Amino acid sequence: MLAVFCTNAINILAGVNGVECGQSIVIAISVLINSILNLSSDCWSEHMFSLYLVCPFIGVSCAVLYYNWYPSRVFVGDTFCYFAGMTFAVLGILGHFSKTMLMFFIPQIFNFILSVPQLFHLVPCPRHRLPRLHPSEDVLVMSTVKFKQSDLGSLGRLCLFVLPKLGLTKMTIDDDEQITITNLTILNVILRVMGNTHERTLTIYLLLLQAACSGVAFLIRYQLVHLFYDE
């Protein structure tokens, strides 16, 4: 399950210059720090293996990010996303820290859970859910999808009752009972909170969030360990 989740989690949270490589580098640095902190533990050999694998990965990803940063000259696509996700899955499984690895994926887990209504077609899902470019202002704005109320089942109606109240989507209903909502992605949530912003700035916001969540993961792993782990 970890292999399936990691490979797809990176790929779902993608499409903006620097996001794929950037989030992968932050996660990889988190893995690097975690492995260094555990070199004196009983599982030191597994963490040494992680270091052998994650150090070259960070180097390669930084080189790709140099060309993938806005304005991008290289588009990574599915190839890098699946490569990065599978690398993390291998590190977590063979390094025996799969639970810690999942905590480094907090933003990706949130993005997946938020996306579930559209991914499983409880709510209509367009082909592309990326933020839209506002050409005259050179900023990204929240992308939307429009559909009829009759297109929703009971679970879809429940989702659209709860999510707007939580501030996770913006919903409007016109006179023809056509519903318009912002697509259910973490990128749209960031734009909803921070406002329309430049593509480079949106990437920076996401990477700062990724780093902050890694900090939370380390807090749980090393300070609150008895509340979340069996050991």
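Is C81 buried or exposed? C81 counts as buried, with a relative accessibility of 1%; buried means under 20% relative accessible area, exposed over 50% and partly exposed in between (1.4 Å probe, protein chains only).

Before the close-ups, a word on the model: it is predicted, so local features need pLDDT of at least 70 and side-chain atom pairs count only at pLDDT 80 or more, while totals for chains, interfaces and linings use all residues. Residues are numbered from 1 along each chain as its sequence is written, and side-chain values use heavy atoms, with hydrogens and water left out.

**View 1. Cysteines without a disulfide partner.** Zero disulfides turn up in a search of the whole structure, a disulfide being a pair of cysteine sulfur atoms within 2.5 Å. For C81, the nearest cysteine sulfur is that of C21, 8.1 Å away. C159 is also in no disulfide, and the nearest cysteine sulfur, that of C125, lies 13 Å away. C159 is buried, at a relative accessible area of 17%.

**View 2. The largest nonpolar core.** This core has 30 residues, of which I27, V31, F88, L91, M101, F104 and F105 touch the most other members. A nonpolar core here is a set of buried Ala, Val, Leu, Ile, Met, Phe, Trp, Tyr and Cys residues joined through side-chain atoms within 4.5 Å. At least two residues come from each of α1 (2-12), α2 (19-37), α3 (44-68), α4 (77-94), α5 (98-103) and α9 (199-222), and α4 gives the most, with six. Helices are DSSP runs (H or I, at least four residues), numbered from the N terminus. Look for V31, which touches V54, L91, F97, M101 and F104, leaving aside residues up to four places away in sequence; contact means heavy atoms within 4.5 Å.

**View 3. Helix α8 against α9.** Helix α8 (residues 186-194) packs with α9 at about 105°, their axes 11 Å apart. Axes are lines fitted to C-alpha atoms, for helices over the stretch in contact, and angles run from 0 to 180 degrees between N-to-C directions. The two helices α8 and α9 are therefore roughly perpendicular, a label for angles of 65 to 115 degrees. On α8 the contact uses I186, L187, I190, L191 and M194, and on α9 L202, Y205, L206 and L209.

**View 4. Helix α6 against α9.** Helix α6 (residues 106-119) and α9 pack at about 110°, with axes 8 Å apart. Here I106, P107 and Q108 of α6 meet L209, Q210, C213 and V216 of α9.

Notes
Parallel < 35°, antiparallel > 145°, perpendicular 65-115°, else oblique.
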